[in-house]
Amino acid sequence: MTKKNILSLFTDRYSCRAYDIRPVEKEKLDAVMAAACMAPSACNKQPWRYFVITETKLLDELRQKAFGPPVSNKFVKEAPVLIAVGVKKDLVVHGIVPAIKGIPYQFIDVGISTDHLMLQATELGLATCWLGWFNIKAAEKILKLPSDIKLCGLISLGYPKDEPPQEKQRRPVNDTVRFIT
Ligand SMILES: Cc1cc2nc3c(=O)[nH]c(=O)nc-3n(C[C@H](O)[C@H](O)[C@H](O)COP(=O)(O)O)c2cc1C
């Protein structure tokens with residue numbers, strides 16, 4: 001496979017909503033998770049905690065209970081991997097600094113890390129979708145996460161069955177970026 005440059009990774013990554021059910025190779029999962037763990041973080045605290053789920057019984061339970069009605073995201077039925085994105089709540093920098101500054105560093109850190117994850121997956125010919133719409137209480141119960149971990153998202157991952165969109169739906173850069181000179 002030819003290596004993609006960073007710009008083509010940004011443009012090729014898209015939220016995939018149709019997956020091939022075939023499993024993803026463990027080496028690829030390892031590479032994707034290693035990329036996630038390379039992200040920068042406030043005071044290098046690395047507050048992300050990932051749970052990579054490929055076990056059929058657990059996947060099925062999540063699909064039924066965390067994505068059951070009225071929550072949609074039906075495409076999780078085929079995704080062979082779900083990654084629970086957790087954040088460690090009690091790291092010192094995150095306990096003290098936000099109280100002073102009001103910035104939720106731990107969630108920023110996790111967001112950056114998860115973007116690394118999704119871009120590395122794209123590079124390896126995989127596709128992902130960040131899933132924010134799910135029954136969080138049901139998912140937390142099924143996953144039995146330690147009490148110091150807050151679940152903040154699920155990522156579907158697998159080989160895509162659909163085509164990337166022709167064009168990114170984005171506001172013009174000038175709408176969201178201002179140069180102050
Ligand atoms: C925090 C977050 C939550 C999201 N939740 C969902 C979701 O529950 N279901 C879904 O289909 N897409 C979800 N998305 C994907 C967005 O809809 C998508 O990123 C956006 O429309 C831009 O499209 P693109 O990712 O294909 O570039 C979520 C994305 C983020 C970052």
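Here is a walk around the ligand.

Analyst: Quick ground rules: this is a predicted model, where local features need pLDDT of at least 70, side-chain atom pairs count only at pLDDT 80 or more, and totals for chains, interfaces and linings use all residues. Residues are numbered from 1 along each chain as its sequence is written, and side-chain values use heavy atoms, with hydrogens and water left out.

Okay, the shell: 13 residues surround the ligand, each having a heavy atom within 4 Å of it. The closest are S15, R17, N73, G132 and R170. By class, that shell splits into 6 nonpolar, 3 polar and 4 charged residues (Ala, Val, Leu, Ile, Met, Phe, Trp, Tyr, Cys and Pro count as nonpolar, Asp, Glu, Lys and Arg as charged, the others, Gly among them, as polar).

Now the polar contacts, meaning pairs of N or O atoms within 3.5 Å. The side chain of S15 puts an N or O atom 2.6 Å from a ligand oxygen. For R13, a side-chain N or O atom sits 3.0 Å from an oxygen of the ligand, and for K168 the corresponding distance is 3.1 Å. As for cover, the ligand taken alone exposes 620 Å², and the protein buries 59% of that (Shrake-Rupley areas, 1.4 Å probe).

Notes
Polar contact = N/O pair within 3.5 Å; in protein donor to acceptor, adjacent residues only side chain to side chain.
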